[in-house]
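Here is a short walk through one structure. Keep the viewer open and follow along.

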Amino acid sequence: MKTYFGMKGKIVLNRCKILLIFLILMGACKSEVRDSGIDYENLSDEEKRMPENALLSMEVADSLQMQLFASEPMIGNPTNIAIDSKGRIWLCEGKNYRLSVNPKNAYDKKGDRILILEDSNGDGKADKSKVFYQGEDVNSALGIVVLGNRVIVSASPNILVFTDENEDDVPDKKEIMFTGIGGVDHDHGAHAVVFGADGRLYFNYGNKGQYLTSEDGSVIKDIHGEEIDASRNPYQEGMAFRCEQDGSRVEVIGDNFRNPYELAVDSYGSIWQSDNDDDGNRGVRINYLMEYGNYGYKDRITGANWRERRPGWSDSIPLRHWHLNDPGTVPNMLQTGSGSPCGMIVYEGDVLPDLYKDQLIHCEPGHNVVRSYIMKNEGAGYSASIKNIVKSKDDWFRPDDVAEAPDGSLFVSDWYDGGVGGHKAEDIFRGRIYRVSTRKEYSLPKFDFTTADGAAKGLTSGNMDVFFRSWQKLRQMGEEAEPYLNLLISKGGIAKARALWLGARIPNRSSFYIDMALADDDPKIRVQGIRMARYFSADNITGYVEKIIKDASVQVRREAAIALRYIGSKEAALLWANLATQHKEGDRWELEALGIGGDKFADLYFSAWKNMVGNIWKSPEGAEIVWRINAKETVPLMIDLIKDKNVDPAKIPSYFRAFHFKEHPLKNQMLLSMLNVDHPQDKMIRAYAVGQLDKDFVNSSPESIRLVKKILPSIEGTQEWMMIVKNLNVQGQEKKLFDLMISDAENSLRTEAAQYLFESGGESIVENYLNSDVGYNEKNAVMNILGGVNSIKAMGFMERCLVQNKFQPILMKKVIEALGNTRRGQNRLFGLLKQDKLNGELKSAAALKLMSSSIDRIREGALKYLDTDNNISQDIEVLMKKEGNPIEGKIVYNKYCISCHVAEEEGGDFGPALSDIGNKLSRGFLYSSIINPSEGINFGYEGYTVKLKDGGRLNGYILGRSETDITIKMMGATTKVIPEENIESIEEMKNSLMPEGLDKVMKEGELVDLIAYLETLKV
């Protein structure tokens, strides 16, 4: 067990160093850190971990100071913070993080704590701490907000409301606002609730959330009558919500996220959040939430994984990751690459330099940094650049939340750990809270929430509790508040925005304040005006939209389009058409806003636009409207766009992708008619046209089958050809599949061809090729591809390859991976071990593979075939002190890891990509992940055993699931689609798919070198 101040052992510092550290603690700011005289780089790892030295590692932006407000042992593992009107910091601890996976990590059987920290003398350091609540129902809570006498805590499966009636810091009542949220004890569940200037609550959950239910277990319907579940009817994956303060009138304001941490809402009603990618794919993003948008983590129609091949996808995996080529996906404001994004706010205070005013401030623990995103308008949306506020040299600095205090300063919570969650904590005792400001003193302004003057003063505060209490007082005053509201309106900016929201709540005064907002010179206020109209005067929304239908600001018109989403009248259709005629080519934000506004009544709205523009619909702007809107009438128009001989060839794949989202009774016939098109791009057009045909339609007609087969030779060997052969189950393509398998196409396409070749009965072609006189390199290339293929018919073939052992070991190990992916294959592989038919290296590789088997006798029996007499220390702290050779470590990586993990753009795409693992995990955490892989399984990489009705079993992780089948990925990067009708059961595996016992197979020097190499992998 680690102590509070180090890994093990007692740290002795010389007197001079102790004196300098004492000076830092007495008044740490940026200049004092610079002048402290202590060289952070020369400190030992144990010394670097001490809170006394925390500030030495920090690089703080100009004009700002940083102080250590609190640290262990006062707090540990803070996950989320809030600051009340008294300037006290409320925080959720996560010392009992992931107990369902790692019960041995239990810290306190009483459960985790909600703490209140106070600086009673204004020196910028917490000197008082109290427990507001402790219980197992707040274990690893990921959200907290303080709003008057209510404290709302997000702890899946619940969002809890604690009420402290007399504000004595002891809750008098605990209620469940929402429940049923998946991700219990999981990072991808419920996240923080925040208060918006419109008086509503905003929150989100990750893609483990799945449902939102009432306390009685019934699934909640949103205000539009849709059940809130992740079944794609109509919502899926992670979602963002808003509701009234009592939890009523829930709206889903965005869906199809992976794991958004928390929402940031500004005074005008604009919303932002961060979203994490599938680990290791460098696709972390910052979203501007256009309300009701789809954000593209999974296919909007089928739920297919982003890895599923589709027309027009980007060559860039970070862009491919979010289905950005699909009509109906809202673009990302910013993609930040790798990382583990956490808490974020819009800074609306006045203490930080003007650069940060009205900008996003965000915690990125994966890169040990607190950032600001400096936004600018980009068409109907936004773009942003990154400005670091705090960057640490300490790779244990894991900032996970940020909040604004009543004095305008920032407080940052620091999980402080060797990793960034990911279902494992290396250290449950340590944690820090920092204060960032332009001034050292933590002096709090005084607020009187009992008077109108006091409330008017507090209404402009960037602190959420001060704002809420002020808002509440003025709201209760009704018409008596108007003189104060008018004074605030005269000040402009956020004061005006917040006052307008309140004014619109006054009975019989809504229209007055809405009209005032819509007539304002500031487009942000006019945008707010449309939002006010939707909230307070939904029955008259078309009247308000008509007032700004020709607004000079495309962002105002964006909001007007969204406002028409649920109207569906002829009047609304004409307004939408008018907005669509103003669309500018290339503004994807505006295009998606029009799509959001038009989706519910696509035929009606599109017809109004088509009648308005007449024959000029084929303009560049009109083509984008046709591509995006899913009206029946757009299907023949898409055909016309593609048949145009002047069409940009680069747009053709995207045009065909649009058919995936469009319905028309004659769509297949129209696509079939394109097989005889006379066009400069006829080959491409025929390929994509066939690929979009429905399989049942093709197979229902001999003529259709004949036409498809006639087209195939002209596109043979392309990814489009592969898609057609698979999707339409075209027979008689074995030789062509093999030719693609041995071609110089990309590996994923060659592997796909090899897989389908075996499934089509073409293994004899492969065997004959390997028995021919072709060169050794060519045979090795085939075996390299086969290492990623799994097929029942291929098992005997791969077994013979293993026994003959005539190829390079790394390729043979891939064959072992493929053979060991199924229950039958594991039995065969185990039989080879027992019969002593494998040589030394292959024997170790096979035994290691079988240690992850779901069959007890195989898993336990494999161990005796491993050379486990390597005497590797199991004490991670001892191993951490050893320095390895990263060059040698890469050789070890290629020996043991490359078949399942991608690093430096090489390797098998099965386990999490490791290209940025050196940023995400500390040395200790890396050792732990290898020695104890089942203690921290990455989300999305949980293993499942799929039991088939024919007796077969498959082990892997589930890539995607539709109503008719599941897609499972197995070791060796083999992907298989299994019809639901063939599945008997699906059971989650208790252990990681990464084999236990790697540390037993390696020599200690190999393990140390491997860790040294992994530490160099940073993006």
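Predicted model: local features only at pLDDT ≥ 70, side-chain atom pairs only at ≥ 80, totals over all residues.

Start with the geometry. Helix α16 covers residues 620–628, and helix α17 covers residues 634–643. They pack at an angle of about 130°, and their axes lie 9 Å apart.

Now look at the residues that touch. On the α16 side, the contact is made by Ala623, Val626 and Trp627. On the α17 side, Thr634, Leu637, Met638 and Leu641 take part. Sorted by class, the contact of α16 with α17 has six nonpolar residues and one polar residue. Charged residues are absent from it.

Next, turn to the strands. Strands of a sheet pair through backbone hydrogen bonds, either parallel or antiparallel. Here, five strands form an open sheet, and the pairing is antiparallel. Their order is β1-β23-β22-β21-β20. At the edges sit β1 (58–60) and β20 (344–347), each pairing on one side only. Neighbouring strands of this sheet are turned against each other by 30° on average, direction ignored.

Zoom in on one pair within that order. How many bridges join strand β21 to strand β22? There are five, between residues 359–364 of β21 and residues 369–378 of β22. The two strands run antiparallel. For a landmark, find Cys363: it stands opposite Val370 in β22.

Methods:
Residues numbered from 1 in each chain as written. Heavy atoms only, no water. Axes fitted to C-alpha atoms, helices over the stretch in contact; angles between N-to-C directions. Helix = DSSP H or I, 4+ residues; strand = E, 2+ residues; numbered from the N terminus. Contact = heavy atoms within 4.5 Å. Nonpolar A, V, L, I, M, F, W, Y, C, P; charged D, E, K, R; others polar. Pairing = 2+ DSSP bridges.
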